[in-house]
Structures are given as structure tokens and as C-alpha cells.
Amino acid sequence: MLDSLKSSLQSALDKIRGAGAVDEKVINEAIKQVEKALLLADVSLPLVASLSTRIKERAKDEEPPAGYTRKDLVLKLIYDELVELLGGNSPYLNKPKRGEETKLMLVGIEGSGKTTTTAKLALYYKRQGYQVGVISLDNYRLGAAEQLGQLASKIDVPFFADPSLPPKRAFEEGIKRLREAGAKLILIDTAGRHRDETSLMKEIEEVSEFVKPDQVILVIDANLGQSASSQAAAFSSRVKVGSVIVTKLDGSGKGGGALSAVAYLKVPISFIGVGEGLEDLEEFDAAGFVSRLLGMGDLKSLVNAMQLAEKEEKESLERMASGHMTLDDMLNQIRAFKKMGPLNKVLERLPLGGVQIDEEVKEKGEENLKKWEVIIQSMNKKEREDPSILDSQRVRRIAKGSGTRPEDVKELLRQYEALKKAMKNARRNKRLASLLGGARRCR
Ligand code: GDP
Ligand code: MG
């Protein structure tokens, strides 16, 4: 799949991974390579330009979360922006309603893979327990109806076509028959060629008016270059395109033309076609797709961990700043803090205004962090969320469970209260707030 794009993107990433320190020059060079890779794969210039601008800006503005480096951050930004380009993080979710009639109409130019994809979708939904039926309204191309008919009988799905009838009549007859056969999810294959493009678009518009589809699915061939965008635009000026299926991503196509078209349309990709067989249809998920493109593995777990760390850090800090800090938040902060390195090193980097902290305090601080982590882990969820319920009986139980003394548990609770109060007052930048959160605990 998209082999040349894959290998050129991966070598751009390798450059970053291999660089010693990541400074602006390294970042810019890597981004240039990413740009080149995308342009060679036929991704359109304006899209590439805005993607690289975003990466550069974010690389300047954003800080890696605790425990991560600038290098990690840049790798993640490239990943993030590619995912964004392809529709963002939330996978396409638009399941047809069960038990209600739903009509999906496939459009696209001849050869894009409409007929094959209609059958693939029929099989996909049939396996999910839908009552599927298919109609061919391609009265233009000879043999189009038989092609779909054969595929439909192969997967044992009711089918209707009558090329001798005008499309409107064929549809009315077809839907009647399919309803009689109990079909609820009706897939409609349409013509992809006509005398000329204008008359094809006119027909598609007319067909859409009488079919009244719940969704129009545009089928785009991954082998199309830049012309994919104008094709997509032509269809979407006539009918409301609800999602796109990109076909032939298994081939040697560059893919970027089709992917650019999708980015312009701003509609989600619902599925991708990855082979000629009827099983060769995959649900599309931009994050997974980009992971494959970038040959993630290690990068994938990095991105996941960073996303989680960012999210937790953000939520945790928000709760803390609003005065609703839990012991889980404190635990998160302890862990984030520990990830930054040994405590004495961390303290050296803190903006403490030249205050010297003696070794003993540092050592004690390190010890405390460990102890508090174990203590919090010995509490149940309710206790972590609302430490005010901790009576002496619970304190004894927790001390026992964590191998500490009840005084240690009480000390932790005192620190927690102090931190909570301090956080309420600390309305500064987030990163500083998290550092201060850590510093206060060490006193
Ligand atoms: P239509 O004219 O839009 O209906 O396109 P067809 O469904 O007839 O497909 C045209 C050709 O593309 C056929 O040879 C299909 O087997 C092939 N095809 C469709 N989808 C895929 C795909 O995902 N991968 C590959 N390799 N071939 C495909
Ligand atoms: Mg066809």
C-alpha cells in the first residue's frame, strides 16, 4: 500500500530519529523531506504547504510533556498533522440503522471501482447481520448490470437491474422487489460514464433526486493523480457526498491525489479498497492508516503514550487549578515528576529563585515521592477521589497495605491539602504550574 510514499516518509522520520540534538535546522530539514514525500505522491501543493506550516508552528509553540524530548514531539506532530489531513482522530462511525430502510448510493467515474465496491459493501453489511439488497442503475455501460448481478449471487444478496428501463423506472421497480425480498439496506450502483462529463453529472443529480439516498458515497481510485480533486469537486457540486471510499490502495498508486481530493471535500473516508476480492474492504481509520504509512510500531506507542500523558496532564492540571484535586491527580503529578529524572537534577532546573536546597532534603524528597506513590496505590478509587472520607481505621488499613506507618499516610494527606491550596492560587502557565506542584511537594 502506497509503498513509495511510505518509504520516503519513513526515511524522513529516520532522519529525525538519527539526529543527535533536534534544533530548528534538523526540524526544518525533516519537514522538507516530508513535504517532498507528499508532493511526489501527488498530494496537492496547498495541502502540503499548510501541513508543514502547522508542524513548524506547533514545534515552536508546544512543549513536550514531562518525560519526552523535542525529538519525540516533532515525530508526534508529523503524525498528528497527517492524521488531521486524513480526517482526524475519530474513526468513521455511521452505521446504518437496523430495521429501518437505508439507501446508500455509490457514485464515481467509470473504472473507479463502484460496482466492485457495491458488492464489497453488501458482503460487509450482510456479515454484520443487515438485510442487504443491491440495485444497478448503470444503464449506460454494457454488462454493468450482469457484473453486479454475478457478484450479488456469489454472496447471495437480492439484486435488481433492468437496463431496458430508464433509471427512474428501474429504481422504482428495483426497490419494490427488494422490499418484497425483505431488504432494508439498499445499495445502489450508478453509471460512471456518459456521452460527456456534464451529462454524467446531470444524470447523477437526477438519479439522486428520485433515489433520495440516505448517503451518497463517492468512490475514488487511488491511482488518480491531481485530477482526483476536480472529479470529486464535480460530483460534490451536484450531490451531497457523505463519505468517500478510496479504492485500489493495494496497488502501486501514489494515492496522494485521491487523499487530497478527500481533504478538499472535507468528508470522511468510510472505507478503503485493498484488493479485487470482495473481502478486500477495510474500515478506514486515519490514525491506523497513518501509523501504517509511517511504519510506526515504536512511534505508535510513543504517540499513544504522549497523547495520554498530555491528556492526563491537562485534565489533572485543570482539576488542580480549579481546586478539585484528587489523590489520583497527585499520583499523576508524582509520576510525571519522577519521569523528569532524579529529583536532585530536577530541582536544579526549577525556577526556585536561587534558593539552595540541601542534599538531605533532596534525598528525603525522593524517598517521600516513592512512599506517597505506594500509599496512594493502596487506596481504593473512592478514597483517592475524596480523601476526606479517610478516617483512622482507613488510614491504618492503608498504612498496613503500603508497608508504611499511619503517620506517613497522614503526612501525605497534609501535603495533599497544602498542594491543593497552592494549586488554587497558582494560575500561571500550565507547565510552570506542574513544576510548582512538584516543587511544593518536596518541602
Ligand atoms: P466501476 O466502473 O466504477 O464500476 O469499477 P469496477 O467495480 O468495475 O472496477 C474496475 C476495476 O477495478 C475492476 O477490475 C476491479 O476488479 C478493480 N478494483 C476495484 N476495486 C479495487 C481495489 O480495491 N483493488 C484492486 N486492486 N482492484 C480493484
Ligand atoms: Mg460499474
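Ligand 1 takes up the space of the second largest pocket. The structure is a predicted model. Around ligand 1 there are 17 residues, and the protein covers 81% of the 580 Å² of accessible area that ligand 1 has on its own. The other element described here is an open sheet of 8 strands.

**Shell around ligand 1**

- Sorted by class, the shell holds 8 polar, 7 charged and 2 nonpolar residues.
- Helix H5, which spans residues 114-127, contributes the most to this shell, with 4 residues.

**Polar side-chain contacts with ligand 1**

- Threonine 116 places a polar side-chain atom 2.5 Å from an oxygen atom of ligand 1.
- For glutamate 276, an N or O atom of the side chain is 2.9 Å from an oxygen atom of the ligand.
- Glutamine 147 has a polar side-chain atom at 3.0 Å from an oxygen atom of ligand 1.

**Sheet**

- The strand order is E3-E2-E4-E1-E5-E6-E7-E8, and the pairing is mixed.
- The edges are formed by strand E3 (159-160) and strand E8 (281-283); each has a single partner strand, so one side of each is left without a neighbour in the sheet.
- Strand E2 (residues 132-136) runs parallel to its partner, strand E4 (residues 185-189), and the two are joined over 5 bridges.
- Within this pair, valine 132 has leucine 185 in E4 as its bridge partner.

Note on methods
Residues are numbered from 1 along each chain as its sequence is written. Chains are lettered from A and ligands numbered from 1 in the order in which they are written. This is a predicted model: local features need pLDDT of at least 70, side-chain atom pairs count only at pLDDT 80 or more; totals for chains, interfaces and linings use all residues. Side-chain values use heavy atoms; hydrogens and water are left out. A residue is near a molecule or strand if one of its heavy atoms lies within 4 Å of it. A polar contact is a pair of N or O atoms within 3.5 Å; within protein, one must be able to donate a hydrogen and the other to accept it, and residues adjacent in sequence count only if both atoms are side-chain atoms. Accessible areas come from the Shrake-Rupley method with a 1.4 Å probe; for residues, only the protein chains shown count as cover. On a 1 Å grid over the protein atoms alone, a cavity is a set of points where a 1.4 Å probe fits but cannot get out, and a pocket is an open set with protein on both sides within 12 Å along at least five of seven lines; lining residues have an atom within 4 Å of a point. A molecule sits in a cavity or pocket if more than half of its atoms lie within 2 Å of its grid points. Ala, Val, Leu, Ile, Met, Phe, Trp, Tyr, Cys and Pro count as nonpolar, Asp, Glu, Lys and Arg as charged, and the others, Gly among them, as polar. Two strands pair if DSSP finds at least two bridges between them.
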